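Reader: Please show me the sequence and the model. I would then like to go through some local geometry.

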Amino acid sequence: MTTPRTVELVVNGERRAADAEPRTLLSDFLREGLGLTGTHVGCEHGVCGACTVLVDGQSVRSCLMLAVQAEGSEVRTIEGLGGADDMHPLQEAFWEKHGLQCGFCTPGMLMTAVELLESTPGAGMDEIREAISSNLCRCTGYQTIVEAVQAAAERMQGEGQ
Amino acid sequence: MYPFTYHRPASLDDARARLAASEDGRPLAGGMSLIPTMRFRLSSCSDLVDLNAIDGLAGIERHEGGIRIGAMTRHAAVEASAEVREAIPALAALAGSIGDVQVRNRGTIGGSICFADPAADYPAGILGLGASVNTDRRSIAADDFFTGLYETALEDGELVVSVDFPVPERAGWAKFGNQASRFAVVAVMVSLAGGAVRLAVTGAKSHVFRVPEMEAALAADFSAEALEGIAVASEGLNEDLHADAAYRAHLVGVMAKRAVRAALAP
(Lines give C-alpha, C1' and ligand atoms only; values in the text may rest on other atoms or scores of the structure.)
Protein backbone atom coordinates (compact mmCIF):
# COMPACT_ATOMS: atom_id res chain seq x y z
CA MET A 1 0.00 0.00 0.00
CA THR A 2 1.23 3.45 -0.78
CA THR A 3 -0.72 4.77 2.20
CA PRO A 4 1.06 5.31 5.52
CA ARG A 5 1.52 2.34 7.80
CA THR A 6 2.64 2.18 11.39
CA VAL A 7 6.31 1.42 11.82
CA GLU A 8 7.28 -0.05 15.18
CA LEU A 9 10.88 -0.28 16.23
CA VAL A 10 13.17 0.13 19.22
CA VAL A 11 15.12 3.38 19.26
CA ASN A 12 17.84 3.84 21.86
CA GLY A 13 16.30 1.07 23.94
CA GLU A 14 12.81 2.51 23.85
CA ARG A 15 9.89 1.04 21.92
CA ARG A 16 8.61 3.63 19.45
CA ALA A 17 5.98 3.73 16.74
CA ALA A 18 4.84 6.28 14.17
CA ASP A 19 3.20 6.30 10.77
CA ALA A 20 5.28 6.40 7.62
CA GLU A 21 4.61 6.17 3.91
CA PRO A 22 6.56 3.33 2.27
CA ARG A 23 8.68 5.92 0.47
CA THR A 24 9.67 7.73 3.68
CA LEU A 25 13.39 7.44 4.33
CA LEU A 26 14.51 6.24 7.75
CA SER A 27 16.36 9.54 8.23
CA ASP A 28 13.18 11.57 7.71
CA PHE A 29 11.20 9.15 9.87
CA LEU A 30 13.61 9.55 12.79
CA ARG A 31 13.55 13.34 12.52
CA GLU A 32 9.93 14.04 11.62
CA GLY A 33 8.10 10.94 12.77
CA LEU A 34 9.91 10.47 16.07
CA GLY A 35 11.24 13.98 16.65
CA LEU A 36 14.84 12.77 16.94
CA THR A 37 16.51 15.63 15.10
CA GLY A 38 20.03 14.73 16.22
CA THR A 39 20.38 12.61 13.08
CA HIS A 40 21.34 15.12 10.43
CA VAL A 41 20.33 15.05 6.78
CA GLY A 42 22.97 16.37 4.39
CA CYS A 43 23.12 15.05 0.86
CA GLU A 44 20.17 12.65 1.07
CA HIS A 45 21.73 10.26 -1.44
CA GLY A 46 24.32 8.30 0.46
CA VAL A 47 27.41 10.43 0.06
CA CYS A 48 27.97 12.59 3.14
CA GLY A 49 27.37 10.19 6.04
CA ALA A 50 25.70 12.84 8.23
CA CYS A 51 22.63 10.61 8.71
CA THR A 52 24.58 7.56 9.92
CA VAL A 53 22.78 5.55 12.61
CA LEU A 54 23.20 1.99 13.85
CA VAL A 55 20.54 -0.53 12.81
CA ASP A 56 20.83 -3.84 14.65
CA GLY A 57 24.35 -2.89 15.64
CA GLN A 58 25.66 -1.92 12.23
CA SER A 59 26.21 1.55 10.87
CA VAL A 60 23.94 2.43 7.97
CA ARG A 61 23.07 5.53 6.04
CA SER A 62 19.53 6.23 7.17
CA CYS A 63 18.89 8.12 3.90
CA LEU A 64 19.49 4.88 1.95
CA MET A 65 16.98 2.86 3.92
CA LEU A 66 13.22 3.10 4.02
CA ALA A 67 11.58 3.56 7.39
CA VAL A 68 9.37 0.53 6.70
CA GLN A 69 12.53 -1.57 6.32
CA ALA A 70 13.48 -0.78 9.92
CA GLU A 71 10.26 -2.32 11.25
CA GLY A 72 11.20 -4.49 14.24
CA SER A 73 14.81 -3.32 14.27
CA GLU A 74 16.89 -1.85 17.04
CA VAL A 75 18.12 1.58 16.07
CA ARG A 76 20.74 3.64 17.87
CA THR A 77 20.96 7.35 17.18
CA ILE A 78 23.13 10.12 18.54
CA GLU A 79 20.47 10.83 21.18
CA GLY A 80 21.22 7.43 22.70
CA LEU A 81 24.95 7.98 22.96
CA GLY A 82 25.00 10.26 25.98
CA GLY A 83 23.81 13.63 27.25
CA ALA A 84 25.56 16.68 28.64
CA ASP A 85 25.89 15.03 32.05
CA ASP A 86 26.82 11.54 30.93
CA MET A 87 28.84 11.92 27.79
CA HIS A 88 30.18 8.93 25.90
CA PRO A 89 34.00 8.77 25.80
CA LEU A 90 33.77 9.65 22.11
CA GLN A 91 31.73 12.75 22.82
CA GLU A 92 34.20 13.82 25.53
CA ALA A 93 37.10 13.22 23.19
CA PHE A 94 35.50 15.22 20.34
CA TRP A 95 35.00 18.07 22.80
CA GLU A 96 38.53 17.94 24.17
CA LYS A 97 40.29 17.51 20.83
CA HIS A 98 38.18 20.05 18.95
CA GLY A 99 36.79 17.31 16.74
CA LEU A 100 33.98 19.58 15.61
CA GLN A 101 33.42 23.11 14.50
CA CYS A 102 29.96 23.67 13.01
CA GLY A 103 28.85 20.25 14.25
CA PHE A 104 26.77 19.26 11.25
CA CYS A 105 28.74 16.10 10.49
CA THR A 106 29.29 15.25 14.16
CA PRO A 107 26.33 12.90 14.82
CA GLY A 108 27.30 10.80 11.79
CA MET A 109 30.98 10.86 12.70
CA LEU A 110 30.19 9.74 16.24
CA MET A 111 27.89 6.89 15.18
CA THR A 112 30.46 5.68 12.64
CA ALA A 113 33.16 5.83 15.31
CA VAL A 114 30.99 4.03 17.87
CA GLU A 115 30.58 1.06 15.55
CA LEU A 116 34.32 1.02 14.84
CA LEU A 117 35.40 1.16 18.49
CA GLU A 118 32.80 -1.36 19.64
CA SER A 119 33.76 -3.86 16.92
CA THR A 120 37.51 -3.09 16.88
CA PRO A 121 38.47 -1.83 20.35
CA GLY A 122 42.15 -1.34 19.54
CA ALA A 123 41.50 0.44 16.24
CA GLY A 124 44.60 2.19 14.95
CA MET A 125 45.10 5.27 12.81
CA ASP A 126 44.55 3.47 9.49
CA GLU A 127 41.35 1.80 10.66
CA ILE A 128 40.02 5.09 12.02
CA ARG A 129 40.77 6.90 8.77
CA GLU A 130 39.20 4.10 6.72
CA ALA A 131 36.06 4.11 8.90
CA ILE A 132 35.46 7.85 8.78
CA SER A 133 36.18 7.97 5.04
CA SER A 134 32.41 7.49 4.77
CA ASN A 135 31.69 10.82 6.43
CA LEU A 136 32.30 14.28 5.03
CA CYS A 137 33.35 17.21 7.20
CA ARG A 138 33.49 20.62 5.53
CA CYS A 139 35.00 22.75 8.24
CA THR A 140 37.07 21.15 10.99
CA GLY A 141 39.02 18.94 8.66
CA TYR A 142 39.76 15.40 9.59
CA GLN A 143 42.92 15.58 11.67
CA THR A 144 41.31 16.55 14.96
CA ILE A 145 38.48 14.08 14.36
CA VAL A 146 40.99 11.26 13.90
CA GLU A 147 42.80 12.40 17.06
CA ALA A 148 39.53 12.46 18.98
CA VAL A 149 38.58 8.93 17.91
CA GLN A 150 42.06 7.76 18.80
CA ALA A 151 41.84 9.36 22.26
CA ALA A 152 38.42 7.77 22.81
CA ALA A 153 39.77 4.39 21.72
CA GLU A 154 42.51 4.62 24.33
CA ARG A 155 40.07 5.75 27.02
CA MET A 156 37.57 3.00 26.21
CA GLN A 157 40.31 0.36 26.28
CA GLY A 158 41.50 1.68 29.64
CA GLU A 159 37.98 1.45 31.01
CA GLY A 160 37.61 -2.06 29.68
CA GLN A 161 40.66 -3.33 31.54
CA MET B 1 10.48 9.50 -4.61
CA TYR B 2 7.33 8.44 -6.43
CA PRO B 3 4.96 6.43 -4.27
CA PHE B 4 4.93 2.65 -4.50
CA THR B 5 3.44 -0.32 -2.73
CA TYR B 6 5.86 -2.01 -0.34
CA HIS B 7 6.04 -5.76 0.17
CA ARG B 8 8.18 -7.69 2.62
CA PRO B 9 7.75 -11.36 1.70
CA ALA B 10 9.20 -14.05 3.95
CA SER B 11 9.83 -16.58 1.18
CA LEU B 12 11.23 -16.61 -2.33
CA ASP B 13 7.97 -18.06 -3.65
CA ASP B 14 6.01 -15.23 -2.09
CA ALA B 15 8.44 -12.68 -3.54
CA ARG B 16 8.03 -14.17 -7.03
CA ALA B 17 4.26 -14.17 -6.70
CA ARG B 18 4.20 -10.54 -5.65
CA LEU B 19 6.52 -9.50 -8.46
CA ALA B 20 4.42 -11.44 -10.95
CA ALA B 21 1.22 -9.85 -9.68
CA SER B 22 2.55 -6.30 -9.83
CA GLU B 23 2.26 -3.99 -12.76
CA ASP B 24 5.88 -2.83 -12.64
CA GLY B 25 7.47 -4.40 -9.59
CA ARG B 26 11.12 -4.34 -8.60
CA PRO B 27 13.01 -6.43 -6.08
CA LEU B 28 14.92 -4.53 -3.39
CA ALA B 29 18.17 -6.00 -2.09
CA GLY B 30 20.59 -3.75 -0.17
CA GLY B 31 19.18 -0.64 -1.79
CA MET B 32 22.50 1.18 -1.98
CA SER B 33 21.94 2.02 -5.66
CA LEU B 34 18.21 1.54 -6.14
CA ILE B 35 17.04 3.78 -3.29
CA PRO B 36 19.08 6.85 -4.34
CA THR B 37 18.02 6.45 -7.99
CA MET B 38 14.39 6.23 -6.89
CA ARG B 39 14.90 9.23 -4.65
CA PHE B 40 16.21 11.22 -7.62
CA ARG B 41 13.16 9.98 -9.57
CA LEU B 42 15.53 8.42 -12.11
CA SER B 43 13.62 5.21 -11.54
CA SER B 44 10.29 4.29 -10.09
CA CYS B 45 8.13 1.22 -9.68
CA SER B 46 4.57 0.30 -8.83
CA ASP B 47 5.68 -2.24 -6.22
CA LEU B 48 8.88 -2.64 -4.27
CA VAL B 49 9.45 -6.23 -3.14
CA ASP B 50 11.95 -6.21 -0.28
CA LEU B 51 14.07 -9.39 -0.21
CA ASN B 52 15.63 -8.63 3.18
CA ALA B 53 13.25 -10.77 5.25
CA ILE B 54 13.69 -13.96 3.20
CA ASP B 55 15.57 -16.65 5.08
CA GLY B 56 18.27 -18.58 3.30
CA LEU B 57 19.28 -15.98 0.72
CA ALA B 58 22.33 -14.82 2.68
CA GLY B 59 25.32 -16.90 3.65
CA ILE B 60 28.68 -18.25 2.53
CA GLU B 61 29.30 -21.95 2.03
CA ARG B 62 32.49 -23.74 1.18
CA HIS B 63 31.89 -26.90 -0.79
CA GLU B 64 33.99 -29.23 -2.90
CA GLY B 65 33.64 -27.26 -6.10
CA GLY B 66 34.25 -23.85 -4.57
CA ILE B 67 32.44 -21.16 -2.66
CA ARG B 68 28.74 -20.36 -2.84
CA ILE B 69 27.65 -16.90 -1.78
CA GLY B 70 23.97 -16.20 -1.22
CA ALA B 71 22.51 -13.30 -3.20
CA MET B 72 21.63 -11.28 -0.09
CA THR B 73 25.07 -11.65 1.48
CA ARG B 74 26.39 -8.23 2.48
CA HIS B 75 29.76 -7.01 1.23
CA ALA B 76 30.96 -6.78 4.86
CA ALA B 77 30.23 -10.49 5.35
CA VAL B 78 32.25 -11.45 2.26
CA GLU B 79 35.09 -9.15 3.33
CA ALA B 80 35.21 -10.74 6.80
CA SER B 81 34.53 -14.36 5.79
CA ALA B 82 37.26 -16.77 6.90
CA GLU B 83 36.26 -19.17 4.07
CA VAL B 84 36.55 -16.51 1.39
CA ARG B 85 39.80 -15.12 2.80
CA GLU B 86 41.30 -18.58 2.81
CA ALA B 87 40.05 -19.81 -0.58
CA ILE B 88 39.84 -16.63 -2.69
CA PRO B 89 41.53 -13.76 -0.82
CA ALA B 90 41.18 -11.54 -3.91
CA LEU B 91 37.40 -11.76 -3.61
CA ALA B 92 37.53 -10.70 0.06
CA ALA B 93 39.78 -7.83 -1.02
CA LEU B 94 37.26 -6.82 -3.69
CA ALA B 95 34.39 -6.83 -1.20
CA GLY B 96 36.45 -4.78 1.25
CA SER B 97 37.19 -2.18 -1.42
CA ILE B 98 33.53 -1.42 -2.14
CA GLY B 99 32.25 2.00 -1.08
CA ASP B 100 32.60 2.50 2.64
CA VAL B 101 31.60 0.71 5.81
CA GLN B 102 27.93 1.80 5.69
CA VAL B 103 27.59 0.64 2.09
CA ARG B 104 29.32 -2.67 2.87
CA ASN B 105 26.99 -3.22 5.82
CA ARG B 106 23.89 -3.04 3.61
CA GLY B 107 24.94 -3.69 0.01
CA THR B 108 24.64 -7.22 -1.34
CA ILE B 109 26.42 -9.25 -4.02
CA GLY B 110 23.12 -10.08 -5.72
CA GLY B 111 21.99 -6.48 -5.76
CA SER B 112 25.31 -5.28 -7.13
CA ILE B 113 25.41 -7.69 -10.07
CA CYS B 114 21.72 -7.26 -10.94
CA PHE B 115 22.04 -3.47 -10.95
CA ALA B 116 25.15 -3.90 -13.16
CA ASP B 117 26.57 -0.44 -12.66
CA PRO B 118 29.41 0.05 -15.17
CA ALA B 119 31.74 1.06 -12.31
CA ALA B 120 30.68 -1.61 -9.79
CA ASP B 121 33.34 -3.97 -8.46
CA TYR B 122 31.54 -7.32 -8.22
CA PRO B 123 30.99 -7.72 -11.99
CA ALA B 124 34.78 -7.93 -12.41
CA GLY B 125 34.90 -10.50 -9.62
CA ILE B 126 32.20 -12.61 -11.27
CA LEU B 127 33.75 -12.45 -14.74
CA GLY B 128 37.41 -12.56 -13.69
CA LEU B 129 36.89 -15.58 -11.45
CA GLY B 130 34.57 -17.38 -13.88
CA ALA B 131 31.68 -17.62 -11.43
CA SER B 132 28.18 -18.78 -12.28
CA VAL B 133 25.07 -16.94 -11.25
CA ASN B 134 22.25 -19.14 -9.94
CA THR B 135 18.75 -17.78 -10.32
CA ASP B 136 15.37 -19.14 -9.34
CA ARG B 137 15.17 -20.84 -12.74
CA ARG B 138 18.69 -21.57 -14.11
CA SER B 139 22.44 -21.09 -13.83
CA ILE B 140 24.05 -18.38 -15.95
CA ALA B 141 27.77 -18.41 -16.80
CA ALA B 142 29.67 -15.22 -15.99
CA ASP B 143 30.46 -14.71 -19.68
CA ASP B 144 26.74 -14.55 -20.49
CA PHE B 145 25.49 -12.57 -17.50
CA PHE B 146 26.53 -8.96 -18.13
CA THR B 147 25.12 -7.77 -21.44
CA GLY B 148 25.31 -3.97 -21.42
CA LEU B 149 25.02 -0.73 -19.51
CA TYR B 150 22.91 -1.65 -16.45
CA GLU B 151 21.82 -4.70 -18.47
CA THR B 152 22.03 -8.37 -17.58
CA ALA B 153 20.79 -11.65 -19.04
CA LEU B 154 18.06 -11.81 -16.38
CA GLU B 155 14.51 -12.17 -17.63
CA ASP B 156 11.55 -10.29 -16.22
CA GLY B 157 10.94 -11.36 -12.66
CA GLU B 158 13.98 -13.65 -12.54
CA LEU B 159 15.71 -13.52 -9.16
CA VAL B 160 19.35 -14.22 -8.40
CA VAL B 161 19.62 -16.71 -5.56
CA SER B 162 23.38 -17.29 -5.22
CA VAL B 163 26.73 -17.08 -6.97
CA ASP B 164 29.14 -20.01 -7.30
CA PHE B 165 32.84 -19.21 -7.39
CA PRO B 166 35.38 -21.86 -8.38
CA VAL B 167 38.57 -21.68 -6.32
CA PRO B 168 41.47 -20.58 -8.55
CA GLU B 169 45.11 -21.38 -7.97
CA ARG B 170 45.79 -17.68 -7.90
CA ALA B 171 43.75 -14.51 -8.18
CA GLY B 172 44.47 -10.82 -7.76
CA TRP B 173 42.38 -7.68 -7.41
CA ALA B 174 43.57 -4.17 -8.23
CA LYS B 175 41.41 -1.09 -8.18
CA PHE B 176 41.90 2.53 -9.06
CA GLY B 177 38.94 3.93 -7.18
CA ASN B 178 37.41 7.36 -7.30
CA GLN B 179 38.60 8.89 -4.04
CA ALA B 180 35.19 10.31 -3.16
CA SER B 181 32.74 7.63 -4.26
CA ARG B 182 35.12 4.65 -4.21
CA PHE B 183 33.52 3.47 -7.43
CA ALA B 184 36.08 1.93 -9.79
CA VAL B 185 37.55 4.32 -12.34
CA VAL B 186 39.21 1.12 -13.54
CA ALA B 187 39.57 -2.14 -11.63
CA VAL B 188 40.84 -5.57 -12.65
CA MET B 189 40.32 -9.10 -11.38
CA VAL B 190 42.72 -11.69 -12.75
CA SER B 191 42.70 -15.41 -12.02
CA LEU B 192 44.70 -18.48 -12.94
CA ALA B 193 43.05 -21.89 -12.80
CA GLY B 194 44.24 -25.07 -14.50
CA GLY B 195 46.50 -23.12 -16.86
CA ALA B 196 43.65 -20.85 -17.99
CA VAL B 197 43.72 -17.16 -17.25
CA ARG B 198 40.76 -14.81 -16.94
CA LEU B 199 41.24 -11.06 -16.74
CA ALA B 200 38.18 -8.87 -16.33
CA VAL B 201 38.00 -5.08 -16.30
CA THR B 202 35.26 -2.94 -14.74
CA GLY B 203 34.77 0.81 -14.81
CA ALA B 204 36.21 1.27 -18.28
CA LYS B 205 33.27 0.49 -20.59
CA SER B 206 29.48 0.19 -20.60
CA HIS B 207 29.93 -3.10 -18.79
CA VAL B 208 32.61 -5.46 -17.56
CA PHE B 209 34.79 -7.13 -20.23
CA ARG B 210 37.69 -9.54 -20.60
CA VAL B 211 40.96 -8.77 -22.40
CA PRO B 212 41.85 -11.91 -24.43
CA GLU B 213 45.26 -10.60 -25.51
CA MET B 214 46.34 -10.13 -21.91
CA GLU B 215 44.89 -13.50 -20.94
CA ALA B 216 46.89 -15.24 -23.68
CA ALA B 217 50.12 -13.52 -22.64
CA LEU B 218 49.52 -14.45 -18.99
CA ALA B 219 48.66 -18.04 -19.85
CA ALA B 220 52.11 -18.34 -21.42
CA ASP B 221 53.87 -16.46 -18.60
CA PHE B 222 51.91 -15.44 -15.51
CA SER B 223 53.90 -12.34 -14.61
CA ALA B 224 53.36 -8.59 -14.73
CA GLU B 225 56.23 -8.36 -17.22
CA ALA B 226 54.28 -10.52 -19.69
CA LEU B 227 51.79 -7.65 -20.03
CA GLU B 228 54.49 -5.20 -21.12
CA GLY B 229 53.55 -3.59 -24.43
CA ILE B 230 49.98 -4.87 -24.54
CA ALA B 231 47.83 -1.80 -24.96
CA VAL B 232 44.07 -1.55 -24.73
CA ALA B 233 42.49 0.70 -27.35
CA SER B 234 40.80 3.79 -25.98
CA GLU B 235 37.96 3.66 -28.55
CA GLY B 236 34.67 2.99 -26.85
CA LEU B 237 35.97 3.47 -23.32
CA ASN B 238 34.06 5.61 -20.84
CA GLU B 239 34.79 9.30 -20.56
CA ASP B 240 33.67 11.46 -17.68
CA LEU B 241 35.01 14.21 -15.46
CA HIS B 242 37.12 11.71 -13.53
CA ALA B 243 39.03 10.25 -16.49
CA ASP B 244 39.04 10.44 -20.28
CA ALA B 245 39.18 7.38 -22.50
CA ALA B 246 42.94 7.53 -23.09
CA TYR B 247 43.62 7.68 -19.35
CA ARG B 248 41.25 4.78 -18.70
CA ALA B 249 42.98 2.73 -21.41
CA HIS B 250 46.30 3.45 -19.69
CA LEU B 251 44.84 2.49 -16.32
CA VAL B 252 43.67 -0.87 -17.65
CA GLY B 253 47.31 -1.77 -18.33
CA VAL B 254 48.48 -0.49 -14.95
CA MET B 255 45.70 -2.19 -12.98
CA ALA B 256 46.19 -5.45 -14.89
CA LYS B 257 49.84 -5.52 -13.86
CA ARG B 258 48.99 -4.67 -10.28
CA ALA B 259 46.36 -7.41 -10.20
CA VAL B 260 48.90 -9.95 -11.45
CA ARG B 261 51.41 -8.81 -8.82
CA ALA B 262 48.70 -9.10 -6.16
CA ALA B 263 47.94 -12.63 -7.39
CA LEU B 264 51.62 -13.55 -7.11
CA ALA B 265 52.13 -11.96 -3.71
CA PRO B 266 52.74 -14.54 -0.99
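Author: This is a predicted model, in which local features need pLDDT of at least 70 and side-chain atom pairs count only at pLDDT 80 or more, while totals for chains, interfaces and linings use all residues. Residues are numbered from 1 along each chain as its sequence is written, with chains lettered from A and ligands numbered from 1 in the order in which they are written.

Reader: Is A:Glu71 buried, exposed or partly exposed?
Author: The classes rest on C-beta atoms placed from the backbone: a residue is buried if 20 or more others lie within 10 Å of its own, exposed if 12 or fewer, and partly exposed in between. A:Glu71 has 16 other C-beta atoms within 10 Å, so A:Glu71 is partly exposed.

Reader: Which residues does A:Glu71 touch, not counting residues up to four places away in sequence?
Author: A:Glu71 lies in the loop between β4 and β5 (74-76) of chain A; helices (H or I, at least four residues) and strands (E, at least two) are DSSP runs, numbered from the N terminus. A contact requires C-beta atoms, placed from the backbone, within 7 Å. With that sequence exclusion, the residues touched by A:Glu71 are A:Val7, A:Glu8 and A:Leu9.

Reader: What is the strand order in the open sheet of chain A, which has mixed pairing?
Author: Two strands pair if DSSP finds at least two bridges between them. The edge strands, each pairing on one side only, are β2 (14-20) and β4 (58-61) of chain A. The five strands of this open sheet in chain A follow the order β2-β1-β5-β3-β4.

Reader: Which residue in β2(A) is the bridge partner of A:Thr6?
Author: Strand β1 (residues 5-11) of chain A pairs with β2(A) in the antiparallel sense over seven bridges. For A:Thr6, the bridge partner in β2(A) is A:Asp19.

Reader: In the hairpin of β1(A) and β2(A), which residue takes a positive phi?
Author: The hairpin has two residues between the strands. The positive phi, near 50°, belongs to A:Asn12.

Reader: How are α3(A) and α4(A) oriented to each other?
Author: Helix α3 (residues 106-119) of chain A packs against helix α4 (residues 125-132) of chain A at an angle of about 135°, with the axes 10 Å apart. Axes are lines fitted to C-alpha atoms, for helices over the stretch in contact, and angles run from 0 to 180 degrees between N-to-C directions. Angles under 35 degrees count as roughly parallel, over 145 as roughly antiparallel, 65 to 115 as roughly perpendicular and the rest as oblique. The two helices α3(A) and α4(A) are therefore oblique.

Reader: Which residues of α4(A) are buried, and why do they line one face of the helix?
Author: The arc is taken over the directions from the helix axis to the C-beta atoms. Seen down the axis of α4(A), the buried residues fall within an arc of 85°, so they line one face of the helix. Those buried residues of α4(A) are A:Ile128, A:Ala131 and A:Ile132.

How values were computed:
Contact = placed C-beta atoms within 7 Å.
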